[in-house]
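Dear colleague,

Please find below the sequence and structure that I am handing over to you. My notes on what was found follow directly after them.

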Amino acid sequence: MSQPLKFVRQFDPAPITTLLCDADDNLFPSEKPAFVASVEVIKRFLTRFGVPAPFTAEELRKQAVGKNFRSTATDLAVQAGVSVDPDELEQWVRQEREHVTAHLAATLRPDPQVLEPLQALAARYSLAAVSSSATKRLDASFAATGLDPLIPAHLRFSAEDSLPEPTSKPDPAVYLHAGRVLGIEAHHGLAIEDSVPGVISAVAAGYLTIGNLMFVPADERRCRSAELIDAGAVAITDSWHGLADVLMLSTVTGDFSPLR
């Protein structure tokens with residue numbers, strides 16, 4: 001049986017009104033299929049500049065989890081010592097976005113292990129999505145997984161599209177922007193993140209943050225848990241059901257103590 005929450009430190013749940021949810025590999029298992037599609041574009045991108053591209057989709061996932069394509073491509077170009085014209089980079093960003101979005105729309109499915117606990121949480125908390133991914137990719141993923149009614153488009157915030165200048169986590173800009181649009185103070189929000197860049201982003205914006213291992217591969221969970229804690233997560237869960245059980249119980253009892 002999974003442990004509902006592994007606490008790093010206790011905190012008061014009373015002020016929390018809003019759950020700020022990362023999307024990819026947090027609300028749906030999108031990272032693996034996304035990198036299967038993305039690595040094809042990355043290889044063409046690197047080949048364009050005469051750089052060997054030995055990446056598999058899995059190797060790319062481990063290197064780039066939590067970041068968007070623009071940041072990943074820029075980092076790889078810097079590592080290879082090549083310069084990419086900004087206009088050309090935007091062409092690659094659009095190409096990758098279209099390719100990955102189509103693949104996710106055809107691959108993702110509704111998951112009762114996410115839908116049911118989120119429906120329960122929506123009765124108590126406002127829900128929003130805060131992601132590094134592009135809006136079109138988010139829209140396709142939310143439609144494919146049946147999450148549209150719970151977190152509609154106007155409650156999805158994209159570091160790629162919602163800001164004056166595109167960025168990516170761990171930059172806290174998208175979380176700061178979400179808080180301003182939602183009209184909440186940092187102590188009113190609780191972020192749920194699966195990646196180190198995501199936790200760093202949320203914590204830097206002032207939000208308490210819980211690490212979610214639900215879609216993290218089993219052989220990576222122990223290491224990822226430690227990394228998320230080091231990045232500032234106050235607790236770790238391995239399921240939305242476990243998180244919902246504790247959050248909903250705290251609403252009744254007023255206590256957010258570890259469940260033993």
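Helices (H or I, at least four residues) and strands (E, at least two) are DSSP runs, numbered from the N terminus. The model is a predicted one, in which local features need pLDDT of at least 70 and side-chain atom pairs count only at pLDDT 80 or more, while totals for chains, interfaces and linings use all residues. Residues are numbered from 1 along each chain as its sequence is written, and side-chain values use heavy atoms, with hydrogens and water left out.

I begin with the backbone. Asp25, in the loop between strand S2 (18-21) and helix H1 (31-48), has a positive phi of about 60° although it is not a glycine. A cis peptide bond, with omega about 20°, joins Lys169 and Pro170; Pro170 belongs to the loop between S4 and helix H7 (173-182). Both points deserve a mention because most residues other than glycine have a negative phi, and most peptide bonds are trans.

Next, the sheet. An open sheet of mixed pairing is formed by 7 strands in the order S1-S7-S6-S5-S2-S3-S4, where two strands pair if DSSP finds at least two bridges between them. Its edges are strand S1 (6-7) and strand S4 (156-158), each of which pairs on one side only. S1 runs antiparallel to strand S7 (residues 235-237), the two being joined by 2 bridges; Phe7 has Ala235 in S7 as its bridge partner.

The domain assignment (bounds from an automatic or database assignment) gives domain 1 (6-29 + 110-250) and domain 2 (31-107). Their C-alpha centres lie 24 Å apart. In contact (heavy atoms within 4.5 Å) are 22 residues of domain 1 and 18 residues of domain 2. The buried area between the domains (the accessible area, 1.4 Å probe, that two parts lose on being put together, summed over both) is about 1,500 Å², with 49% of it from carbon and sulfur atoms.

Between domain 1 and domain 2 there are 7 residue pairs in polar contact, both residues at pLDDT 80 or more. A polar contact is a pair of N or O atoms within 3.5 Å; within protein, one must be able to donate a hydrogen and the other to accept it, and residues adjacent in sequence count only if both atoms are side-chain atoms. On the side of domain 1 that touches domain 2, helix H6 (residues 135-145) gives the most, with 5 residues.

Finally, the structure holds 13 salt bridges (a side-chain nitrogen of Lys or Arg within 4 Å of a carboxyl oxygen of Asp or Glu). The count between domain 1 and domain 2 is 3. Arg70 forms a salt bridge with Glu160, with the closest N and O atoms 2.5 Å apart. Arg70 also meets Glu90 in a salt bridge (2.6 Å, N to O). That pair links distant parts of the chain, 20 residues apart: Glu90 is in helix H4 (residues 86-107) and Arg70 in helix H3 (residues 69-80).

With kind regards
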